[in-house]
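Let's take a walk through a protein model together. Have a look at the sequence and the 3D view, then read on.

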Amino acid sequence: MQEPADATGPGLAWGVKASFVRYVTMGGGEVRVSPAAASVDGLVFFPLLDQGDFELATARGTLRFGGSVRFTGHFGALDLMLAEPWLESDERGAVVSVDTGATGRVPLVALGPAETGVEGELIVWRDIETRMLPEAGPLFNGVYGAGEPFDPATLRIRDL
Ligand code: HEM
């Protein structure tokens, strides 16, 4: 059996988009977080799986997280899975992509700048602004335009 995620450890804590969560749940749909992830204070916590391709000094490279959240509703017409987020950071900025299952890995949001903090043995970036990328538009039925604000994200990794 899989161990439940430890939400105080390294990982990505993110509500995705509050208005979308509200829309799905108020419409009688469901938001289900996979056992590998955790639902904490209304956020999805995706545990850090691999930071081996990330360089802390430059904040560049790739961070891979596990777990998924799945949104369903409208009697099956709405079925969106966001799984195993990757954060990829280079000189152009940082982007989070997700595996949707149906359409493969899709760039979801661009991250804004954030100050690096320390939390015990973890490095933390809190309340990072996120904005939807154009590639993700079809996932949301074309309702949101590119640049649409999604929820702020908090990221914790191990001090290297
Ligand atoms: C039977 C199919 C569907 C119907 C009847 C429907 C209907 C609606 C209606 C009436 C709204 C505006 C009202 C509100 O905000 O509560 C809305 C918003 C929205 N719908 Fe749908 N929809 C359908 C399918 C989908 C699908 C497949 C998606 C894909 C994810 C989707 C994504 C959205 C989004 C992202 C919003 C905006 C939510 C927000 O306020 O942020 N819808 N839909």
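This is a predicted model: local features need pLDDT of at least 70, side-chain atom pairs count only at pLDDT 80 or more; totals for chains, interfaces and linings use all residues.

Residues are numbered from 1 along each chain as its sequence is written.

Let's begin with strands. Helices (H or I, at least four residues) and strands (E, at least two) are DSSP runs, numbered from the N terminus, and two strands pair if DSSP finds at least two bridges between them. Strands β7 and β8 (residues 93-99) run antiparallel, joined by 6 bridges. Across this pair, Glu88 sits opposite Val95 in β8, and a hairpin with 2 residues links β7 to β8. Next, β8 pairs with β9 (residues 105-111), again in the antiparallel sense and over 6 bridges. Here Ala94 faces Leu111 in β9.

Now for the inside. A nonpolar core is a set of buried Ala, Val, Leu, Ile, Met, Phe, Trp, Tyr and Cys residues joined through C-beta atoms within 7 Å. "Buried" means that 20 or more other C-beta atoms lie within 10 Å of a residue's own, "exposed" means 12 or fewer, and "partly exposed" is in between, with C-beta atoms placed from the backbone. The largest nonpolar core has 31 residues, and Leu12, Val16, Ala37, Val44, Phe46 and Leu63 touch the most other members. Strand β4 (residues 43-55) gives the most to this core, with 5 residues.

What surrounds the ligand? The shell consists of Ser19, Phe20, Tyr23, His74, Ala77, Leu78, Leu80, Phe140, Asn141 and Val143, where a residue is near a molecule if its C-beta atom, placed from the backbone, lies within 6 Å of it. Helix α1 supplies the largest share, 3 residues. By class, the shell holds 7 nonpolar, 3 polar and no charged residues.

Finally, the backbone angles. Most residues other than glycine have a negative phi. Asn141, found in the loop between β11 and β12, has a positive phi of about 65°. Asn141 counts as exposed because it has 10 C-beta neighbours inside 10 Å. Asp127, in strand β11, has a positive phi near 45°. Asp127 counts as exposed because it has 12 C-beta neighbours inside 10 Å.

Definitions and conventions. Ala, Val, Leu, Ile, Met, Phe, Trp, Tyr, Cys and Pro count as nonpolar, Asp, Glu, Lys and Arg as charged, and the others, Gly among them, as polar.
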